[in-house]
Amino acid sequence: MTATSRRRCLAAAVATLVALAGGACSSADEPSGGGSYLVWDPYPQFADDSAWVALLRKCGEGAGVTVERTGYDTTDLTNKALLAAQQGNSPDVLIVDNPVISTLAEAGALTTTDENKLDVTTMAANLLAAGQREGRTYGVPIGANTLALYYHKEVLAAAGVDPATITDWAALNSALTKVKAKGKKGITFSAIGTEEGSFQFLPWFWGAGAQLTALDSPPAVSALTLWADWLRQGHAPNSVINNTQTTSWQEFATGDYAFAENGTWQLANAEKLGFGYGIIAIPARAGGPAPAPTGGEFVSVPVQRDTGRYATSRQLVTCLTSADNLLATDTTLSYVAPVTAVQDRQVAADPKLTVWVEAVRAAKGRTGDNLGTRYPKISESLWTGVQSALSGAKTPQEALAAAQRTAG
Amino acid sequence: MTTTTAPTRRTWWKTGIGLVLTGLMLFPVYWMINVSFTRDRDMRASPPHLFPVDGTVEGYRAVFDQQLPYLGTSFLVGLGTVALTVALSAPAGYALAKLRPPGGRALSFLLLTAQMIPGIIMAMGFYASYLELGILNTLPGLILADSTLAVPFGVLIFTAFMSGVPDELLQAAVVDGAGRLRTFWSVVLPLSRNAVVTVSLFAFLWAWSDFVFASTLAGGGGHQPITLGIYRYIGNNNQQWNAIMATAVVASVPAAVLLVLAQRYVSTGITAGAVKD
Amino acid sequence: MAATVPPGYRVSRAGRWSAWAFLAPVTGYLVICYAYPLYRNVELSLREYTVRSFVQGGAPFAGLDNYRTALADPTFGPALTHTLVFTVASLVLQFTIGMALALFFHQHFPLSRTLRAVILVPWLLPLIVSASTWSWLLNSDAGLVNAALGVVGVDPVHWLTSPRWSLVSVIIANVWIGVPFNLVVLHSGLQAIPAELYEASALDGATGWQRFRSITFPLLRPVSAITLLLGLIYTLKVFDLIWIMTRGGPADSSTTLATWSYRLGFGNLLPRFGPGAAVGNLLIVLALLAGLGYLRRQRRQQS
């Protein structure tokens, strides 16, 4: 082979590579700038023709900018937000699940209300707490949800149980026994090995009087024993160990179960059930409603190199969280609004929401109690402990003792 | 084996067994189809319904209303991945099989081990650099990432196949005054048609069914492939399973058709070189 | 698969170097696409990252601390064992079933070609769909498998929710996904075996099993080796399937190195990048060792 032809080969090969790399680079999107603002949200179910995206566009027009919106799967969003912050490429407005806020704040990825000048005074204090650390506020709730017990009217009636009497664990247990005697199934929930599992366990945990700082306390053990006994006695299906909240809802939707622990967001689906349903608060061990954890997302303004962008971002967030827009958004999401005045309008429009509004008002943030970024580790230990006990690998006592050790 | 005799009763009996085996293998696929027609409230019926009694076509209606543009994207990504994969791996296969470069063995080994990097690590690496380059949510970006699923495999297949091309043909080409490039382009490549089809098919199918790269690198924006269409039915707290499964069914139809059409080439292409040592 | 060059086609020394012109694109590609993610992962594993230093920079160099943390973690032992069991069991079953089906479909009977093509469909499905379908089928209470067992009088098995069965369940699903690939590759290997060999041995009066042992199996060895090697690579890093079906649980009973690495790095609200990356790298080392072992064996067989 001659030198020239060899060089030609090489050139061809290099050209191929350059064409590949270059092809990739030349078609790069315009970086955000000028009049376009990036918004990330965890609502991939809303397509470009949805009311949510229309609202984003409208708010953009109001602020005189174009909004470029991306909807991500919620589980990916934490990592994407962290990576984006690392690369100095954060979106202008970021909407994330509330327990993520403290992690992102810890990372220094979010601005405080001191910097972005957002007004959060109208927001309910217990909901706002999930976005606060060491006295600073890192975001605005866009809507809240929490857990309660859905019940099957006919199943309870057939078993002779009056749902209004279920105000403590003893009453719930006796209701479950009566339901089982009638050949129906008791209760379904989600105890999966993820944050969802902890979320669902917390009302019982808190309702027993336990604290997240002492996972192996006697009240905590009594809460886990309650769940483990349900599985052992056949009141709850074994599948709860793997149930997501959707799976658990599907079980309830079969009409075989008397109760399901689920959230506000199922309301729209509840209307499609083929049977009558009702909702009661989750009872605490000694009676009364148990504090349930708050769910729902926060709107935040990530740190930008160009701090001049905050003013426009503030306009966008203020627009998204204005009373009318909150009402519209929270109605689509089946959430409860974070502002009392809007909650009242929601109840006026749909009286069935009363239970939920009350539950949300009594609810408690997971990262509250100044746990902040300690919460994720505690929560992981907690759901692992719950899984060990429910699957029979350990007793509730052993499982929670191990959980407390790893949570440290 | 029983290749020479005409179909007799005995071979039809085998068809019976074949059907049963295929049925067993495809049962989960049937189940997916069944779920795609099932109403939300019947999803967890116990015992489960073997057929979608009271079925619904809601899932499919959603898919046909919303998903067709995604199919187009998937198609483009698939074709792009095929082109890139063949362009990279065919010359490499030729060099490794016929030119015996120093360090070639090491390179093959590297290629092989490159595949062992877990997908999520790859995806996160791509995500960080794409963010920097500003090519997130673009077709070329997704094509480049998807090709990593197929290039090492492609090199493997081309190497195996091209080492089966008789050396005499190559020498004849050299005698005719052809350079390396021409030998490759006009002798080796045409002889490797089956390998090209095989690699293309695999590259296309992997790109078509890829989910990890798509969700990491094209999760937002206008260029989403059909596997991501699924995310339209996975909300923050809620999943529409009949629509998810309907998307999967719709997504697998074009791929299945392609697979059946290309079967013939694959069978002869995939290992020809490796078997005849 | 570095090929042995037959003596007929001699290449000059300079010519051999120029062969790199053909390899340049793929080499550049390797560097661009694989080296960077790998470098990042190694870097992550050698530093003490918190979410704060991940974003703001300045994570202190920690040497092998993250590796020590990972090795000392009570999850490490079970995760390693599960990885090995999962990989070996999946490979053996995929290969055996794939081979049996390949042999079966290699016989020409009506519809054999169509059925063989159709059997590949499982392979086309996005993993999230096939994994979800399997968790559906294996559900303790409303799953079809338990319903079927109930019909023949077997008590329901807690496939996904008992520590005893969860690993078995994910292996079953993984085998199902892997069989089509084994079938395709092995079948095409079978097709390349000259029919005359079988005819000759049939004349010698060899039985089916004898023919398999003396002709099919030896001639299929190179193809089998590729199949198993690719299978190994794909199986070691399986993560989505296990994650969707069991999240590695209950109580870590189906946690493998891949799912554990993911859980550390991404499966929690507060990512632990360092240990997560360290476990990921351990997995890559494991894969490298397996690949080296394979190459050594292959070289020994050639010589």
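**Where two chains' helices cross**

Author: Happy to! In this predicted model, helix α3 of chain B (residues 68-99) packs against helix α2 of chain C (residues 20-46), with the axes 7 Å apart and at an angle of about 125 degrees. As for handedness, the crossing of α3(B) past α2(C) is left-handed.

Now look at the residues that touch. From α3(B) come Leu88(B), Ser89(B), Pro91(B), Ala92(B), Tyr94(B), Ala95(B) and Leu99(B). Facing them in α2(C) are Phe22(C), Leu23(C), Pro25(C), Val26(C) and Tyr29(C). What kinds of residue make up this contact?

For another kind of packing, turn to chain A. Its strands β2-β1-β3-β11-β6, in that order, form an open sheet of five with mixed pairing. β2 (66-71) and β6 (140-141) of chain A are the edge strands, each pairing on one side only. Within the sheet, β3(A) (residues 93-97) and β11(A) (residues 297-300) run antiparallel and are joined by four bridges. In one of these pairings, Asp97(A) has Glu297(A) in β11(A) as its bridge partner. Here, too, a helix comes in: α4(A), residues 98-106, lies across β3 and β11 of chain A and runs at about 120 degrees to β3(A).

Note on methods. Residues are numbered from 1 along each chain as its sequence is written. Chains are lettered from A and ligands numbered from 1 in the order in which they are written. This is a predicted model: local features need pLDDT of at least 70, side-chain atom pairs count only at pLDDT 80 or more; totals for chains, interfaces and linings use all residues. Axes are lines fitted to C-alpha atoms, for helices over the stretch in contact, and angles run from 0 to 180 degrees between N-to-C directions. A crossing is left-handed if the near helix is turned anticlockwise from the far one by less than a right angle, and right-handed if clockwise. Two residues are in contact if their C-beta atoms, placed from the backbone, lie within 7 Å. Two strands pair if DSSP finds at least two bridges between them.
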